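Student: Please take me through this structure. I want to know what the labels rest on.

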Amino acid sequence: MSKDTAALTGSAAETVGNRTAGTRPSRRLVTLLGYWSLAALAVTAARIWSPPSATALANLWWCAGALLFGAALLDFLTGRRVAGLEGSRRPPGNLALGVPNQVRLTLRNLGPRRLCLNVCDALPAQLHTDGLPRRALLEPQQEVTIDYPLVPHRRGRADFGCIEVLADSPWGLWQTKATLGRPESVKVYPNFLGISSLQALSTEQSLRFLGLHQRQRRGEGMDFRQLREYREGDSQRQVDWRASARLRKLVSREYQDERDQEIVYMLDCGRRMHAKDGELSHFDHALNALLLSAYVAIKQGDAVGLEAFAADNTSTGGRLPPVKGEGGINLLLNHVYDLHSGTANPDYISSAEQLLAAHPRRALVILITNLRDEDSDELLAAVRLLSRRHLVMVASLRETAVDELLRRPVRTFGEAVDTAAARDFLQRRVQLLQQLRARNVLVVDSEPRHLHMALVQTYWELKRCGRI
């Protein structure tokens, strides 16, 4: 805690007076009453074993009780009102899933007496902190700040309640509960820090930052970019003969990858995406990968859209028409921050039909899901529908728990059965992926934590070879 006299601005930092919610005995008063009650046993024992001294002990016990009750009454009357205490909260503007952050509480004592406080905050269920409650001591006309850490563990809207304090009475025998500040809300987004770190970088720098390596391919895109002097290694078809004749030196045309293409993500929000891989679910890994690869695509000048399916409620984030430009990624973030996986099974065919109706223009369709061999018939039918108009990529999250099971040594019959079942599961899954590849479908099979790199790498390869 440190003193902070900086002016607070904005509704999030608005200082609001306290609202008293009741007074209760403190632990100190309960302890003193307990000792006083135990002393009654000593008086009783004295009446039995030493009657001459019992009267003096009894009188002393009654005097102590009178003093205690008198002090408690006086302390209650003087400490039951907490005058002049004000407080405010300054939460972060936005929160990212799993990323530590800090909230600042500001308390100001404008009253006439010293205040000793236990401070807590009414946190929403999806935020976790180990920094509360805290103690604060405020002299009259003093202001203190309390910073506490918090970590979001679920996306969506997070609603804070009021700041809650317990103010000790002057002698510490009572505690008065008061609420300060106002309820307010913040949004918990998917982990967008990866996007933030890429915003100041060029495309080439962004790819290197992600650990990806692009192959050099100079000036062989689809869209004309500029004229420049001929360089060794340029193909003959790049030479602009008219410009060369006019300038009396060889001039080459330089092209760039074709822009204004559409990438549509089909995001499975079904029950399988509940599976956990580390601290995050498959669905949260999929969202992080979607956002990062979408940012790379938007930076390349392409438009990005979303079709979410199998969610319990897709009213806010189920469908987003293709968007492009600098604000596109922010629009996508605000569209999916409160989107969660549901309990339904994915209906690939119905989702494919809806996408075909909504997106008549040819696009790269990226289906992000968790494949099972029982999906083969329905998935292959859906892919066949989509492939009539679009270039289709299926990105499947591989469950690391199955891979870890296969790496364990087999010592018992039960472990042997588990290993055989895992091998059979993976073999069936491999066969499904091979069937997809046989139909000219692009396939990405990745562990959840590496899905973002796999999507960006595949997108970039398609871009460089001119398929999108």
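Tutor: Here are your questions on the labels, one at a time. This is a predicted model: local features need pLDDT of at least 70, side-chain atom pairs count only at pLDDT 80 or more, and totals for chains, interfaces and linings use all residues. Residues are numbered from 1 along each chain as its sequence is written, and side-chain values use heavy atoms, without hydrogens and water.

Student: Why is Q141 called exposed?

Tutor: Exposed means over 50% relative accessible area, buried under 20%, and partly exposed in between (1.4 Å probe, protein chains only). Q141 has 55% relative accessibility, so Q141 counts as exposed. Its place is the loop between β8 and β9 (142-152).

Student: What makes N440 count as exposed?

Tutor: The relative accessibility of N440 is 66%, so the label is exposed. N440 lies in the loop between α11 (413-438) and β23 (442-446). Phi of N440 is positive, about 60°, although N440 is not a glycine.

Student: How do you know that β6 and β11 pair?

Tutor: Two strands pair if DSSP finds at least two bridges between them. Strands are DSSP runs of E, at least two residues; helices are runs of H or I, at least four; both are numbered from the N terminus. Five bridges join β6 (residues 115-121) to β11 (residues 163-168), so they pair. They run antiparallel. In this pair, N118 stands opposite L166 in β11.

Student: Why do β2 and β8 stand at the edges?

Tutor: The open sheet has five strands in the order β2-β12-β11-β6-β8. β2 (19-25) and β8 (134-138) each have a single partner strand, so one side of each is left without a neighbour in the sheet.
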